[in-house]
Amino acid sequence: MDLNQLLAIKERELASRKPYTLRVCTAAGCLSAGSDQVKKQLERAVAEAGLSDQVEVRCVGCLRLCCQGPLVHVDPVNELYQKVGPETAPALLERVRGGAPPLEKADLQHPFFTRQFSIVLANSGVVDPERIESYIAADGYRALHDAVIEMEPREVIQAVMASGLRGRGGAGFPTGLKWSTVAKSGGARKYVVCNADEGDPGAFMDRSVLESDPHSVLEGMAIAAYAVGAEQGFIYVRAEYPLAIRRLRMAIEQARRLGILGSGIFGSPLNFNVELRIGAGAFVCGEETALMASIEGRRGTPRPRPPFPAESGLWGCPTLINNVETFANVPAILRNGAEWFASIGTEKSKGTKVFALAGRVKNTGLIEVPMGTTLRTIVEEMGGGAPGGARIKAVQTGGPSGGCVPAELMDVEVDYESLTRLGSIMGSGGMIVMDETTDMVDVARFFMEFCKDESCGKCIPCRAGTVQMYGLLTKILEGRATARDLATLEELCDMVKHTSLCGLGQTAPNPVLSTLRFFRHEYERRLRPERHVASAVQPVTG
Amino acid sequence: MIATLGVPKRKRVREALAHASGDKRFKILEAHMKKYQHRHDALIEILHKAQELFGYLEDDLLFFVAHRLRLPPSRVYGVATFYHFFRLKPKGEHTCVVCMGTACYVKGADKILAAIERFAGVRAGETTPDGRVSVLTARCIGACGIAPAVVYDGNVAPHQTPDSAVATIQTWMSHGS
Amino acid sequence: MAALTLTIDGKPVSAPAGTTVLEAAQDAGIRIPTLCHLEGVYDVGACRLCLVEVAGSNKLLPACTTQIAEGMEVWTDTDRLRKYRRMTLELLFAERNHVCSVCVSNGNCELQALAWEAGMDHVRYPYQHPQLEVDQTHPLFGMDHNRCILCTRCVRVCWHIEGAGTKNVAGRGADCRIITDLNQPWGESDSCTNCGKCVMACPTGALYYKGVTTGEMVRDRRKLEFIVTAREQKQWIA
């Protein structure tokens, strides 16, 4: 495979494009609402109407507004139809004939769509995730070609560093610096690992990227392999994502068949193979060292860092681990230049972030916005506020490791530092909106139960501490706790946060600390007085 | 007492292998192991395949995997019990998985689960005594846009309510199949 | 091996590069409490009792797995560390059923000794009282899960000194338990060589020799270090 062949595939694909395209979202959300049937009915209707050379029915990835699925986008008129059913779908052909189909249209001028800035999701909803040719037609794998043919590995690293890209898995570690550390580490064998174990409840960004545009992740990994000197890659994806697994398998196979993965990629000295590793239901395996233990076929228990994976990772070799979204940014950075990427976002947080907006908000779905967009814009403008006009109480970010931002502080610009200052974290991108009906102590307990169930059991603070904290939160919720219990809870939060071995334990107290900071009254009003409290003895006067 | 230490013990693995020789599924599993060159680090992949073939990981199956991959049984057991995806007991004819992710929880997933538990008479993680229905929870299936979500026999159903969930379970429990 | 200098509790200490903070402290006569550490097997940093404060880092670091660096300033016995250690021990006591008065290891128990040292006269957390079994099926040894603190010393010893791989951890979180082979009664284990190293390694009364009674469980752990040094360095330490 060389550049000419790549361009030839692109040309052929573009030439085969028909005047009308009906893009049907087949990511998990719309799929569960029956979008595969919608696609079948549309194909049948097109064939029966003899419009096969006029109309292409394409299966694509996420079209963003998940709550209104199944979604179908019609080109070139640029209209998005929502809640399309298998029976009503054929009516879409009216549009081709110049008429107006009796179907609900989504308002593409609504801020939910207009405020989005797609880099990671640029191909989502546009390319067919099950055809590599569709990806190549969107300039796919061009960045990989240019990197291995025209750039030195260190130039690739420099570009990533200059872009300011930071790890999108939640920690926000400078990606270029990580790549540079792995590249400099000694050793004949190195690995590139993609962390697709999106375990945060309420997060589905990575799932959407893998189902909608798997090749962007493969391309990012291959570029990374070239930059750091690795020949073997692993994608660790959780077992709960069968569609993502299937699409990844297809993508890897198709890329291999075209020689874009394997030996001598694009005729360069780069050899790179990618293997899929399936998770098995352990949130802790999203933690780097636990993930590596899992790839090695062992129990997913973390180990102390240092040494960091960049120096000693899989089987003791230098290993680069990055999140799905981080890798998906890389091809765009190389194609458009580091300065372009650095011009988006805030001073310390460059680029965009994909958020999964869910919970008590009108428009639930996937959004990608530049860093620095305010929470208020996201939740009220784009999300449309809480349904029924209810008052928004708080926005939870960062999953069970994060915290709640109260409604009064929603003007915060979303970036790594500002959220940390408010006691939350960016996390992987889960954003849950809560309204007046949400009980914040209940939310804290919900997350603590999660951490307790997912604790690996290796270190005492997390294993035993989460059990005790859960017990205390239950006691508070049931009105049996005293002020002393609350003080014990706070003390335990501090201890577990500072003594736990890995990020799971270290961040398990965050939801409690965050809700205590902004919603302390919800805890305090549930406390009952201490028994046998010595009452102040009044001195006898006169 | 020390004399008893020399008495040959019952070789549990041999029993498991004898059981395996009569079942074709073990051959399929072995072919899968060969695909991974019998590497130790393929254990989780092998357990996935085993569960796919057999429905659950019973003792003989785990002994078989340990023997063929040349791993101590304690390692195989330790790994199988660490990951919640792996079942060591058979599941019911029908499975319903209630998603307990944050978005679903905020939209009332706990009430749906409570209704199902009440109706079926079992707690989450258990199977009804007649083996018809298994009630499970998942930490998040990534379908937050259609919360609350429940998976019935592998099919994700959107926007569930306690009534709709109980109605589905009811058809399973009263149905003759 | 370059020698590095650092200070521990204000005292200047020198040790070769590659040494852990724990080793350097031990050599200098400074005691740092540990539970999951065992001479002769690798460290896992699981009990979090050996956490130390290091100047310049806002994280507490486990002395058993952290390597020394030139000019490091380590504090091992601050108020904060003592508070955390006490809480860790209390969490352990509340987690399972530790009743010293009827335990074979009474008076010879590392957990008990550490609790005494930390001044733990009461436990502020509610006891969980899990229902756990006692495995007496092995002819020589007994295992009482009520006293187990999941330090995994027995597992590491069985895998890395004896090599049999008989013991391992099963389950996750608070449901973790030490198992033998495929969760079989110890007496039915096919891989156990009856060497007794796991019993020697256990810090509490969880693993014991059959026939001992309350307070009689005495161990000689130096045997384990002895075997490892003999095998790896061909040196037989008396």
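## Helix α18 and the sheet of chain A

In this predicted model, α18(A) lies across β12, β13 and β14 of chain A. The helix runs at about 15° to β12(A). Axes here are lines fitted to C-alpha atoms, for helices over the stretch in contact, and angles run from 0 to 180 degrees between N-to-C directions. Contact means heavy atoms within 4.5 Å. Helices (H or I, at least four residues) and strands (E, at least two) are DSSP runs, numbered from the N terminus.

The open sheet has five strands in the order β11-β10-β14-β12-β13 (chain A), and its pairing is mixed. Two strands count as paired if DSSP finds at least two bridges between them. β11 (365-370) and β13 (403-406) of chain A each have a single partner strand, so one side of each is left without a neighbour in the sheet. On average, neighbouring strands of this sheet are turned by 30° against each other, direction ignored. Strands of a sheet pair through backbone hydrogen bonds, either parallel or antiparallel. β12 (residues 392-397) and β14 (residues 430-435) of chain A take the antiparallel sense, over five bridges. In this pairing, A:Ile392 stands opposite A:Asp435 in β14(A).

Residues are numbered from 1 along each chain as its sequence is written, while chains are lettered from A and ligands numbered from 1 in the order in which they are written. Local features need pLDDT of at least 70, side-chain atom pairs count only at pLDDT 80 or more, and totals for chains, interfaces and linings use all residues; side-chain values use heavy atoms, with hydrogens and water left out.

## Chain A against chain B

Here 49 residues of chain A are in contact with 35 residues of chain B. The area buried between the two chains is about 3,300 Å². Carbon and sulfur atoms give 58% of that area. Buried area is the accessible area (1.4 Å probe) that two parts lose on being put together, summed over both. A:Ala280, A:Arg299 and A:Phe446 supply 18% of the area that chain A buries against chain B, more than any other three residues.

Two salt bridges cross the interface of chain A and chain B. The term means a side-chain nitrogen of Lys or Arg within 4 Å of a carboxyl oxygen of Asp or Glu. In one salt bridge, the side chain of A:Arg277 meets that of B:Asp41 (3.2 Å, N to O). There are also 14 residue pairs in polar contact between chain A and chain B (both at pLDDT 80 or more). A polar contact is a pair of N or O atoms within 3.5 Å; within protein, one must be able to donate a hydrogen and the other to accept it, and residues adjacent in sequence count only if both atoms are side-chain atoms. Elements of chain A that give two or more residues to this side include α2 (28-32), β8 (273-278) and α13 (288-295). The largest share, seven residues, comes from α18(A). By class, this side of chain A has 24 nonpolar, eleven polar and 14 charged residues. Ala, Val, Leu, Ile, Met, Phe, Trp, Tyr, Cys and Pro count as nonpolar, Asp, Glu, Lys and Arg as charged, and the others, Gly among them, as polar.

## Chain A against chain C

At this interface, 27 residues of chain A are in contact with 31 residues of chain C. The buried area is about 2,500 Å², with 58% from carbon and sulfur atoms. A:Ile460, A:Arg463 and A:Gln468 lose the most area to chain C, together 25% of what that side buries.

The rule finds three salt bridges between chain A and chain C. C:Arg172 and A:Glu454 meet through their side chains in a salt bridge (3.0 Å, N to O). α18 (440-454), α19 (460-477) and α20 (483-499) of chain A each supply at least two residues to the side that touches chain C. That side holds eleven nonpolar, nine polar and seven charged residues.

Most residues other than glycine have a negative phi, and most peptide bonds are trans. The bond from A:Gly69 to A:Pro70 is cis, with omega near -5°. A:Pro70 sits in the loop between β2 (55-60) and β3 (72-75) of chain A. The bond from A:Pro306 to A:Pro307 is also cis, with omega near 5°. A:Pro307 is in the loop between α13 and β9 (319-323) of chain A. A:Asn78 is not a glycine, yet has a positive phi of about 55°.

Over all chains the count comes to 65 salt bridges. A:Asp75 forms one with A:Arg23, the closest N and O atoms being 2.8 Å apart. A:Asp75 lies in β3 and A:Arg23 in β1 (residues 20-25) of chain A, so the pair ties together parts that are 52 residues apart in sequence.
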